[in-house]
Amino acid sequence: ALVRISTALWKTSMPPKVPARRHRRFKSFLENKIRHVRVNSKLAFYEKFQAQASKDGKGVISSLPKRNFVITSRKKKTKSQLRDPIRARCPFYARALFDFPTKHEEEMSLMKDALLCVRIVSPSKWCLAQDEEGNEGWVPINYIERVHPKLDANLAFKCAEAEVLGIEKQIDRVNQDLKIAKKSGDGTALQKLEAQLKDLLTNKALASSRVMALGIMTTAVSSQERARLEVEKAKKDAKNEELVAKAEAWLSDADESVKEALEIVASGKGIAQAASAVSRAEKAALEAVNAAKEAVRESKATTGKDKQLLVKKAEKRLEHARGILLTLKRYKEALVERQEATQLILKHHEKNNSGQIDIKVAVARKKDANERASILKIAAARALEEMSASEEVFKISKTITALENKLAKAANKEEKSEIETEIISQKKQLASAQQRADAAERLRDALEKQAKAVVSVKEISIAAEGKTPKGETSTEELIQRRRHLEECVGATKKAAYEYEKVFGFNPLKEKEAGKEGG
């Protein structure tokens, strides 16, 4: 028994076995920044069902049953599950558990307790991580532990700050390389470095927004801890029931603040996805413009109209991606505004600041922000759906053009018939994807207009109460704006009905039933 105990203790003190170095084969992970995604079996079945329905020609969504196999509720994760890096979605923050010496060029050495930002998780259980110094390399997944903001908000905040510092150092290195490239006059190297610098600047903006979100999280958690201490203190002195009630109200507000802060942190991932979609769309638009220019140079018969047709699709895709990014940013702004109002309420609970803050104004401000955030939350979810559908449309249209070119070169009849059937099936899939994208876009636009109308009504209602000198004229404008809000609500309901026809569920009904989760 003593021998077993001693060997077990020795094994825990020693670093784990390094997984097989198969990550070197995955060059596309490093070059194209492809993220490894673990697909849920239920969602995979859903996708298969969609593909089969499109092949049968029934229409993808009309033939779908109700959402009996789509996830509607999730179990609460344990602390060990939250810390597990294999379960995490990239990018995420991590802490090094052991020292790791490098043996290959593409790997990165680790010191114990080093703070990392993990960009990619490969199937061979190796992670592409970035440290505080801006170094990037592969590290084994069993040498790191995920830093979750739910469990340790302060450490997650430090990780975000370290990520920003690392990106800044990378930007400095790229700027130095740019100066050298400009002096040497190497055009290809200059283009690559400029593209790299652009990517780094977008990453820096996203990382700084994560710092802001995690900063809000840390203040919310610290307020929650103070509220818990106050509740314990009040319960010990059980004679005064008012103090206990006040402390419990403070704790409930603090708990709500932590949940809201987590929602702000989660919204950052959607913004990151939209930003990457915008960058991809920009590259595609640039490629389309260059291809159009080459076509004009090669053929004299090619006119300006043909050039516009080549560029139009790419420009439309870029416009969609920018609109989606703007929606997600507005949603995050509403969440931040709501959190600011919550922080004012929490300050009011504290004894020192109770007389300085008007609690009624803070509560009203939170209520308005919460109403806008709840509308924009549904809009943000539809924006992500629209983004995935539009990406699918772009991919399918690319495959159709490739198949059409193949059909023109094909000589055998059998080969031609096979390609024609494939084109027909691809066109059906394209129509269904376009239908989904259009339905999601209509509902997103309607919800955004409704959110704007809500804000305009609130602004003018304050003036109508007589708090501003424009009391008389504002009442008429208030009636007009309320009518406009009613029209927007009607348009949203209509768009939701059209959306339900395509997707098989109504997000507005789910929101009313309280099923729309964070």
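**Aromatic residues and strands**

F98, F100, W126 and Y143 form one aromatic cluster, where rings of Phe, Tyr and Trp (its six-membered ring) pair if their centres lie within 6.5 Å, planes under 30 degrees apart counting as stacked, over 60 as edge-to-face and the rest as tilted. The model is a predicted one, in which local features need pLDDT of at least 70 and side-chain atom pairs count only at pLDDT 80 or more, while totals for chains, interfaces and linings use all residues. Residues are numbered from 1 along each chain as its sequence is written, and side-chain values use heavy atoms, with hydrogens and water left out.

By the ring rule, the count comes to five aromatic pairs. One of them is the edge-to-face pair of F100 and Y143, with 5.4 Å from centre to centre and 65° between the planes. F100 lies in the loop between strand 1 (92-96) and strand 2 (115-121), and Y143 in the loop between strand 4 (136-140) and strand 5 (144-146), so the pair ties together parts that are 43 residues apart in sequence. Both F100 and Y143 are buried, a term that means under 20% relative accessible area, with exposed set at over 50% and partly exposed in between (1.4 Å probe, protein chains only).

The rings of Y499 and F503 are stacked, because their centres are 4.3 Å apart and their planes stand at 15°. Both residues lie in helix 11 (residues 471-503), four residues apart, about one turn of the helix. Y499 is buried with a relative accessible area of 0%, and F503 is buried with a relative accessible area of 12%.

Turning to the strands, strand 1 runs antiparallel to strand 2, to which four bridges join it; two strands pair if DSSP finds at least two bridges between them. Within this pairing, Y93 stands opposite C117 in strand 2. Strand 2 also pairs with strand 3 (residues 126-130), in the antiparallel sense and over four bridges, and there V121 has C127 as its bridge partner. The hairpin of strand 2 and strand 3 has four residues between the strands, and in it K125 takes a positive phi near 65°. Seven of the seven residues of strand 2 are buried, so this strand is largely enclosed by the rest of the structure.

Buried residues make up 38% of the 518 residues in the protein chain.

Key
Helices (H or I, at least four residues) and strands (E, at least two) are DSSP runs, numbered from the N terminus.
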